[in-house]
Amino acid sequence: MLSPLATGIAAGAGLTGLLGLAAGGYAYAALWPPSTLFGQALIAPPRRGELALTFDDGPNPAWTPQLLDVLASHGAQATFFLVGRYAQAEPALVERILAAGHVVGNHSWSHPNLAMTAGVRVHLELAQTRDTLEQITGQRVHWFRPPFGARRPAVLKIARSLGMTPVLWNAITNDWSEPSADRIAHRLTAKIDRQHRNGWAANVVLHDGGHLALGVHRGPSVAAAGQLLERYESTHKFVTLDAWSDADRRL
Ligand SMILES: [Zn+2]
């Protein structure tokens, strides 16, 4: 029996995913967030009005501190999917994220495309990052987001074997290359509102770092996060992924 959450995910994947695969769309199915053909991952529960802001590719000493200030000014908590090698380089910043009440997740050690990576290296990427984060924070790491959203069943199985639940998203735009904070916020708002109309929580991706280098410019993403906090603070509840732990257990 499928739970409402699993049903929602399956309905989103369904026929289109199968057709994509039949058309030789391996990459399509491996990269498309709602596809369950490559294993199940948490996207969002059917909880209208909950909004999880998630930030990938940090910690970034150039922009994560500003982002923490923006979140603090709204009293909101978020989830940070950290690149292991950056966390190792910036342990004090990881501690600051935790101290502010946010949740950190595993985004691999070096951000490869895990759909194209041998299992033994996938295990190393995830385990090394998990161990580094746990050493810095003294807390278990419960969440894993595959770089680029790229996965196959073995990747998700390895993540679960290391005690982590795979997470994707349902609201994203090209914030890493878009110079206008207004346009980033506008595009994400349309997606958040659509999830809301359909009765789903929003799982929003923004980037406070970049996988190619430490210290990249993320001013537009941080400003867009501020705009979303302004827009939704009276209508939505900002949650970390820990608020959805029970939802994931129903999968
Ligand atoms: Zn990433």
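Okay, a definition before anything else: when I say two residues touch or are in contact, I mean heavy atoms within 4.5 Å. With that in hand, take Gly58, which touches Phe81, Leu82, Val83, Tyr86, Asp208 and Gly209, leaving aside residues up to four places away in sequence.

Some housekeeping. This is a predicted model, where local features need pLDDT of at least 70 and side-chain atom pairs count only at pLDDT 80 or more, while totals for chains, interfaces and linings use all residues. Residues are numbered from 1 along each chain as its sequence is written, and side-chain values use heavy atoms, with hydrogens and water left out.

So, the overall picture. The chain has ten helices and seven strands; those are DSSP runs, H or I with at least four residues for helices and E with at least two for strands, numbered from the N terminus. Of its 251 residues, 55% are buried, and buried here is under 20% relative accessible area, exposed is over 50%, and partly exposed is in between, with a 1.4 Å probe and protein chains only. The chain exposes about 10400 Å², with carbon and sulfur atoms supplying 56% of that; the areas are Shrake-Rupley with a 1.4 Å probe, and for residues only the protein chains shown count as cover. And if you take contacts between residues at least 6 apart in sequence, 75% of them join residues at least 24 apart.

Let's go to the metal. Which protein residues are the donors of the zinc ion? They're Asp57 through OD, plus His107 and His111, each through NE2, lying 2.1 Å from the zinc ion. A donor is an N, O or S atom within 2.8 Å of the metal, or 3.2 Å for Na, K and Ca, and since water is not among the atoms, sites may look incomplete. Along the sequence the spacing reads D-x49-H-x3-H. Both histidines, His107 and His111, are buried. Asp57 is buried as well, at 5% relative accessible area.

Asp57 sits in strand S1, and its phi is positive, about 80°, although it is not a glycine. Most residues other than glycine have a negative phi, and most peptide bonds are trans.

Now back to Gly58, also in strand S1. Is Gly58 buried or exposed? Buried, with a relative accessible area of 0%. Gly58 and Gly209 are 151 residues apart along the chain, yet their C-alpha atoms are separated by 4.3 Å. And the peptide bond from Gly58 to Pro59 is cis, with omega near 0°. Pro59 itself belongs to the loop that runs between strand S1 (50-58) and H3.

There's another positive phi, by the way: Phe148, about 60°, and that's not a glycine either. You'll find Phe148 in the loop between strand S4 (143-144) and helix H7 (153-161), where it counts as partly exposed at 39% relative accessibility.

Next, helix packing. Two packed helices are described by the angle between their axes and the distance between the axes. For helix H3 (residues 64-73) and helix H5 (residues 91-99), the axes come within 11 Å and cross at roughly 10°. Those axes are lines fitted to C-alpha atoms over the stretch in contact, and the angles run from 0 to 180 degrees between N-to-C directions. So H3 is roughly parallel to H5; the cut-offs are under 35 degrees for roughly parallel, over 145 for roughly antiparallel, 65 to 115 for roughly perpendicular, and oblique for the rest. H3 contributes Thr64, Pro65, Leu68 and Asp69 to the contact, and H5 contributes Leu93, Arg96 and Ile97. By class that's four nonpolar, one polar and two charged, with Ala, Val, Leu, Ile, Met, Phe, Trp, Tyr, Cys and Pro as nonpolar, Asp, Glu, Lys and Arg as charged, and the others, Gly among them, as polar.

Val222, in helix H9 (residues 219-232), is buried at 6% relative accessibility. What does Val222 touch, not counting residues up to four places away in sequence? Trp63, Gln66, Leu67 and Val70. Val205, in strand S6 (residues 202-207), is buried at 0%, and its contacts include Thr54, Asp56 and Trp169. Pro179, by contrast, is exposed at 63% relative accessible area, in the loop between strand S5 (165-166) and helix H8 (181-197).
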